[in-house]
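Visitor: Please put the structure up. I have some questions about it.

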Amino acid sequence: EKEVKYGQITELPRQDDAMKKWRSNRFGQFIHWGLYAIPGGVWKGKTYEYAAEFLKSSAGISTATWDSLQYQFNPIKFNAMAWAKMAKAMGVKYATITTKHHEGFCLWPSEYTDFDIENTPYGKDLLGEFIEAYNAEGIDVSLYYSVLDWHHPDWRYKLNSEEDKEAFERLKIFTKNQLLELLDRYPTVKGLWFDGTWDQCWKDNGQFSYELEKKLKEKHPGLVVNSRMRADEYGSRHFDSNGVLMGDYESGYERRLPNPWDIEVTKNDWECCMTIPENQWGYHKDWTLTHIKTANELIEMLVQCTSQNGNFLLNFGPTGEGDFREEEVKLAKEIGDWMDDNSSAIYNCGYAGLKKQGWGYFTQNNDSETTINMVVFNKPINGKYRVKLNKGSVIKKAYLLSKPDKALDLEEISNGEYFIEAKKVKTKDPFVIIIELENKDSKKFHQKALT
Ligand SMILES: C[C@@H]1N[C@@H](c2nc3ccccc3[nH]2)[C@H](O)[C@@H]1O
């Protein structure tokens, strides 16, 4: 064990109400919106396949040229309430929006820079409108903030000289000021989602990120912070040099999921953030460049995250005019229709403590020891679902969530192992079978033989 002074601050897993709410939310909407949405991956007639929010670097555009996009930013179609209603219908319980991405442009009127929404044709506090509209729909809002800032003259990737160090000291003060400003202006926000913290400059400043997390949490009780914010004094990120998770949940799953059989990942809170195309966070004009995930693919990712105690943050990239692509609107509806019927297997659910089986995923409601959800993606050809529960578990009854008053036939194979028969399931969508267990002290529970 190394002596780590600037590692974990909050003992995990947190059991306070704010974290319990974060955990029960399970499904969130990520919004990537900034100047990059104006060109949408196309520059001077050329389409760049790399992530649209990286167009400045992939097209080799000067900071001056890129920054002048701020004078074109006028999302006339932006309607925060319509966005919030779409998100509500999709079934998300929280939303995380980019307040400032790597480009450095701020979606709120910041007193610490002119490179912000106030100095655009739009002019109004866009971030404030977003937060108010989403909160009005009962959706929690977290704020994404990129420490990496291509616009700021004091940004340095590495600190090679005294001048670098002095510049980065100013950048650190700017960063802290903006974060305190965001929490001052938007007191209802629930979390901060840090990004752009992989460079040497930040890894060399473990003490700063430690003290910053402490200060932000003192200022904003209950604040939930992702592990990506932090480095310890040895430069170890997400987990300190002794492997202890920093922040409040693990946020390393970007466009990837853990192995569905992995139970190690269930030990911490974590979140997967996911794009609909293969790798576009900001709006890209051309969605023919890669595979576009279907509703069923995205629902399966959400269910997998829930089954392993994780949250799923699905990204949308609004256009420069402030509306969504039709493909995104269609997916939001398809996912929302599924959530209307099946969200009881998602909200306030987590790891059931059972080994994953071939037909799909187990989830368990955090408030019920005896109710287990089976979310089915692969129907067995004989219509019989093999379930291996904990030793001694006895199924009282099993039924389709869609037909709660029709018990399914059961066949006990051995201690805690059953076949559940569900032959006549018509739906083409993923569906849920509910297992109700005898509770531990029920008379029928087969007490282990004493010999
Ligand atoms: C959550 C995601 N993180 C950003 C990001 N920046 C990167 C730089 C290098 C490699 C991968 C990256 N992902 C993406 O632009 C998006 O905001």
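Visitor: In which segment is Pro 13 found?
Guide: First, a caution: this is a predicted model. As for its place, Pro 13 is found in the segment before α1 (17-25).

Visitor: Which loop holds His 238?
Guide: His 238 is not a glycine, yet its phi is positive, near 65°. The residue lies in the loop between β7 and β8.

Visitor: What is the strand order in the open sheet of eight strands?
Guide: Pairing in this open sheet is parallel. The edges are β7 (224-225) and β8 (250-254), each with a single partner strand. The order is β7-β6-β5-β4-β1-β10-β9-β8.

Visitor: Why is one side of β7 and of β8 left without a neighbour in the sheet?
Guide: Strands of a sheet pair through backbone hydrogen bonds. β7 and β8 stand at the edges, so one side of each has no neighbour in the sheet: each has a single partner strand.

Visitor: Which residue in β9 stands opposite Tyr 253?
Guide: Strand β9 covers residues 270-274 and pairs with β8. The sense is parallel, over three bridges. Opposite Tyr 253 stands Cys 272.

Visitor: What angle does the direction of helix α6 make with that of β5?
Guide: Helix α6 (residues 162-185) packs on the sheet of eight strands. It touches β4 (94-100), β5 (140-146) and β6 (191-195). Its direction makes with that of β5 an angle of about 165°.

Visitor: Which strands are the edge strands of the six-strand open sheet?
Guide: Here the pairing is antiparallel. The order runs β11-β12-β13-β19-β15-β16. Each edge strand pairs on one side only, and these are β11 (349-350) and β16 (403-407).

Visitor: How many residues lie between β15 and β16 in their hairpin?
Guide: Strand β15 (residues 395-400) pairs with β16 in the antiparallel sense over two bridges. Leu 400 stands opposite Lys 403 in β16. Between the strands of this hairpin, the count of residues is two.

Visitor: What is the bridge partner of Ala 398 in β19?
Guide: β15 pairs with strand β19 (residues 431-437) too. That pairing is antiparallel, over five bridges. In β19, the partner of Ala 398 is Ile 435.

Visitor: Which residues surround the ligand?
Guide: By class, the shell has five nonpolar, three polar and three charged residues. Its members are His 32, Glu 53, Phe 54, His 101, His 102, Tyr 144, Trp 193, Asp 195, Trp 198, Glu 254 and Trp 281.

Visitor: Which residue has a polar side-chain atom 2.9 Å from a nitrogen atom of the ligand?
Guide: His 32 has a side-chain N or O atom 2.6 Å from the ligand, but the ligand atom there is an oxygen. The side chain of Tyr 144 also has an N or O atom facing a ligand oxygen, at 3.4 Å. For the nitrogen atom, the residue is His 102.

Notes. Residues numbered from 1 in each chain as written. Predicted model: local features only at pLDDT ≥ 70, side-chain atom pairs only at ≥ 80, totals over all residues. Heavy atoms only, no water. Near = heavy atom within 4 Å. Polar contact = N/O pair within 3.5 Å; in protein donor to acceptor, adjacent residues only side chain to side chain. Nonpolar A, V, L, I, M, F, W, Y, C, P; charged D, E, K, R; others polar. Pairing = 2+ DSSP bridges. Helix = DSSP H or I, 4+ residues; strand = E, 2+ residues; numbered from the N terminus. Contact = heavy atoms within 4.5 Å. Axes fitted to C-alpha atoms, helices over the stretch in contact; angles between N-to-C directions.
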